[in-house]
Amino acid sequence: MTVFNKGVSRRSLMKGGVALTAGLAAPHFFTKGAYAYLNEPKGGSVTLGFNVPQSGAYADEGADELRAYQLAVKHINGEGDGGMLNTFTSKALKGNGILGKKVEYVTGDTQTKSDAARASAKRMIEKDGVVMVTGGSSSGVAIAVQSLCQEAGIIFMAGLTHSNDTTGKDRRANGFRHFFNAYQSGAALAPVLEANYGKDRKAYHLTADYTWGWTQEESIANATEALGWQTVNKVRTPLGAGDFSQYITPVLNSGADVLILNHYGKDMVNSLTQAVQFGLRDKQVNGKDFVIVVPLYSRLMAQGAGENVKGIFGSTNWHWSLSDEGSQAFVKSFGAEYGFPPSQAAHTCYVQTLLYADAAERAGTFAPCDLGKALEGFEFDGMGNGPTLYRADDHQCFKKVLVVKGKENPSSQFDLLEVVQEVPREQVTYDANIPQFAGSLGSCNNGA
Amino acid sequence: MAPTVSAIGGSARTDFIFMMLFAAAVLTAPFWASFIGAGYPDLLQKWAIYGLFAIGFNILFGLTGYLSFGHAAFLGIGSYAAVWSFKLLTMNVLPAIAFAILFSALFALAIGYISLRRTGIYFSILTLAFAQMSYNLAYSVLTPITNGETGLKVIPTDPRILEELAGVRNTAVAPTTSLFGVEMTGYPGFYFCAVILIIGFFIAMKIARSPFGTMLKAIKSNQTRMNYTGFNTRPYTLAAFVISGMYAGMAGALLASTDPLAGAERMQWTASGEVVLMTILGGAGTLLGPVLGAAVIKYFENIFSAFNEQVLNAMFSFLPEVLKEGAVAVAGLFVGEGWHLTLGVVFMLIVIFLPGGIMEGIRRVHKLFKRSDGSSRSGAAAESA
């Protein structure tokens with residue numbers, strides 16, 4: 001330690017110490033202020049944070065989500081044709097921003113990774129001063145960001161996330177989800193599967209190995225077993241596996257006659273394509289035609305899988321071909337802006353942004369606790385899903401669910417799914433504390 | 001060792017000044033970084049943590065020339081060890097860091113022992129294979145330990161034995177990491193990471209200046225000759241490998257300390273590649289280079305990826321409408337989701353024109369300055385770095 005004794009006098013050390021203390025204290029002077037809640041907007045504008053995957057396995061969904069967010073901001077600020085604001089049953093929004101403040105936004109790339117998503121959300125909260133973060137596409141990411149927002153003290157409006165846990169075991173007081181979930185998929189699909197494939201079937205599950213896959217596998221297995229189906233095997237596959245042949249070969253000799261693919265995004269495109277290439281759909285097992293079911297469908301995935309989706313059943317939150325007023329208005333303004341119809345991911349993100357803005361307007365503040373109260377138990381219509389309830393117990397939306405089927409004769413590259421049934425809300429409603437969902441919201445957090 | 005001149009490079013005095021400048025720069029980062037839009041806790045924490053990671057990587061790559069393509073494995077192991085310490089023992093960060101260093105050292109010892117039997121590209125491939133193996137294990141069979149894709153989290157009902165014994169375990173609210181009561185989020189978290197970065201930097205400097213460091217550099221310049229002179233180089237390379245693995249484990253623990261969540265993606269090959277980029281971008285073999293490289297890459301990742309059309313429109317608003325649209329369209333390719341492209345271009349330019357990285361740039365500027373100045377000041381800070 002001879003080094004440190006050289007050339008340092010007591011005086012210079014003290015000087016350095018004083019300077020250092022001043023330096024350490026400095027940032028706290030800037031951050032501390034008289035705020036009633038975290039990131040309270042003081043100027044003429046308010047900032048929202050759009051945190052979507054711009055790279056990785058769910059990048060297509062992310063790009064569409066971002067388009068929807070930008071459209072929503074336009075409509076809230078009174079630009080464009082107003083879209084669903086014209087059909088929304090709550091008329092609190094006047095097209096002059098939120099509470100008279102112009103809406104601005106910042107964007108970030110989650111990279112479909114929890115780490116990157118949380119870093120990006122933290123930037124939005126700490127640097128850009130957002131009052132709300134929204135986004136998703138992977139439930140793992142959505143849950144990670146939701147708990148971050150809870151700890152920080154701002155609102156999280158979940159985008160596309162289908163795991164039961166988002167509003168189940170991992171539900172949070174500051175987090176809200178409009179999208180449906182795996183349990184609702186099971187409840188909606190089961191009767192249709194029974195009608196088409198009968199009561200005596202043997203199912204084989206291939207499941208994406210993370211929170212969404214696990215809960216969907218559980219929900220679908222429960223729903224189909226209640227019909228009298230048997231579950232032959234459940235196999236977990238890594239997310240983004242690319243090659244599923246090693247998982248599909250054993251299906252052929254398992255005695256199963258139904259393959260359930262709990263995959264999403266590029267995984268679903270790959271596993272379905274390979275299952276079809278292996279000739280599963282041409283086989284006869286137990287005297288029945290072998291069939292494939294994809295519980296969570298999206299039009300973007302159907303586009304990726306092409307021919308292979310024909311005749312395959314699944315469920316979806318929303319589809320652009322719906323004929324109600326709200327859906328029509330949204331498809332029209334999205335189409336005018338971008339030249340093609342929106343995906344279900346775009347729809348849920350657009351609706352979430354409007355719902356947030358509306359709640360702030362009705363609450364008269366952006367404070368998370370007051371705004372959350374305005375959303376809890378909120379009943380609305382005109383957003384494309386019929387009458388909808390934001391349940392207070394778990395912050396999950398309840399609305400009808402669509403059962404869809406890959407179209408046999410598509411008329412355009414976007415017209416790939418046909419709606420088989422619009423399952424009513426009552427059929428997909430469950431108690432907030434059934435074992436698959438039991439969790440606690442905790443208390444809301446205003447931050448500062 | 002003589003008190004005034006260390007084994008290699010700068011004198012003890014210039015080293016000391018350099019060290020002080022570095023510490024001052026790091027500790028005042030919240031101040032100066034706000035001018036480039038980086039003055040917020042999360043990015044500052046990332047700077048300090050990845051700086052530490054890169055310093056450690058540089059002890060192996062910069063000094064011995066062994067290019068490990070699997071260093072992210074130790075980052076991940078450190079994170080998992082730290083989160084398990086939070087879950088089982090206490091939310092205090094010190095035991096977590098201790099465990100992270102211990103476990104990453106053990107893994108580094110095992111992986112290093114096998115991989116270091118080969119050199120060059122074979123060594124790189126071996127380390128890459130081990131890292132990918134760890135990543136895939138964390139994803140599949142080790143799911144009970146790692147919680148797979150969902151990631152390992154702390155929950156209120158974790159056992160936390162030490163807190164239980166002390167009677168302060170609270171199962172009602174989500175636990176937060178702390179250092180004896182000081183929460184490790186926001187600015188306190190950054191200062192904690194910053195202090196560890198400075199200590200890590202000091203140790204790296206001492207290693208580089210020591211006879212051990214000289215030995216490592218000799219291995220880099222010609223290992224065969226060392227072997228012919230009767231030197232067994234393996235213990236030295238293994239020691240360097242383990243030390244740099246411990247740095248990575250410590251960085252992993254700090255990641256978990258500032259945000260108690262560990263995911264397998266931290267071990268992916270892209271994460272291993274990132275630290276290689278950081279080191280080369282900043283200047284391999286220099287002390288300060290890796291820290292600068294880490295800062296540049298994290299800055300790009302967090303700031304450039306956040307630019308969108310709205311921001312660009314505001315930036316080019318001084319141009320006439322037609323030009324503005326063109327400028328926004330062109331610039332739009334390089335920001336937002338295109339930040340990888342910008343990083344790639346910057347990396348290419350640096351590797352082509354400044355093979356020594358940012359540090360070479362600084363040296364050249366310094367030389368230019370010295371020549372025009374005509375003075376013979378020994379600005380050893382940059383030289384010896």
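Select B:Ala251 to begin: apart from neighbours within four places in sequence, B:Ala251 is in contact with B:Ile49, B:Tyr50, B:Leu52, B:Phe53, B:Leu75 and B:Gly78. Two residues are in contact if their C-beta atoms, placed from the backbone, lie within 7 Å. The model is predicted, with local features needing pLDDT of at least 70 and side-chain atom pairs counting only at pLDDT 80 or more, while totals for chains, interfaces and linings use all residues. Residues are numbered from 1 along each chain as its sequence is written, and chains are lettered from A and ligands numbered from 1 in the order in which they are written.

A residue is buried if 20 or more other C-beta atoms lie within 10 Å of its own, exposed if 12 or fewer, and partly exposed in between. Helices (H or I, at least four residues) and strands (E, at least two) are DSSP runs, numbered from the N terminus.

Next, select B:Ala100 in helix α5 (residues 93–115) of chain B. B:Ala100 is buried, because 33 other C-beta atoms lie within 10 Å. Leaving aside neighbours within four places in sequence, the contacts of B:Ala100 include B:Gly78, B:Gly249 and B:Met250.

**Where the two chains touch**

Now show both chains. The contact takes 35 residues from chain A and 35 residues from chain B. On the side of chain A, α4 (114–126) is among the elements that give two or more residues, and α4(A) provides the largest share, seven residues. By class, this side of chain A has 13 nonpolar, eleven polar and eleven charged residues. Here Ala, Val, Leu, Ile, Met, Phe, Trp, Tyr, Cys and Pro count as nonpolar, Asp, Glu, Lys and Arg as charged, and the others, Gly among them, as polar.

**Two domains of chain A**

Colour domain 1 (45–180 + 321–399) and domain 2 (183–316) of chain A separately; such bounds come from an automatic or database domain assignment. Their C-alpha centres lie 30 Å apart. Their contact takes 16 residues from domain 1 and 18 residues from domain 2.

**Strands in chain A**

Select strand β6 (residues 202–208) of chain A, where six of the seven residues are buried. Seven bridges join β6(A) to strand β7 (residues 230–237) of chain A, and the two run parallel; two strands pair if DSSP finds at least two bridges between them. Within this pairing, A:Lys202 stands opposite A:Gln230. With helix α7 (residues 211–227) of chain A, β6(A) and β7(A) make a right-handed β-α-β unit. A crossover is right-handed if, with the strands pointing away from the viewer, the path from the first strand over the helix to the second runs clockwise. Strand β8 (residues 258–262) of chain A also pairs with β6(A), in the parallel sense over five bridges, and A:Leu206 stands opposite A:Leu261 there.

Finish at strand β4 (residues 155–158) of chain A. A:Ile155 and A:Met157 point one way and A:Phe156 and A:Ala158 the other way, and all are buried. Four bridges join strand β3 (residues 132–135) of chain A to β4(A), in a parallel arrangement.
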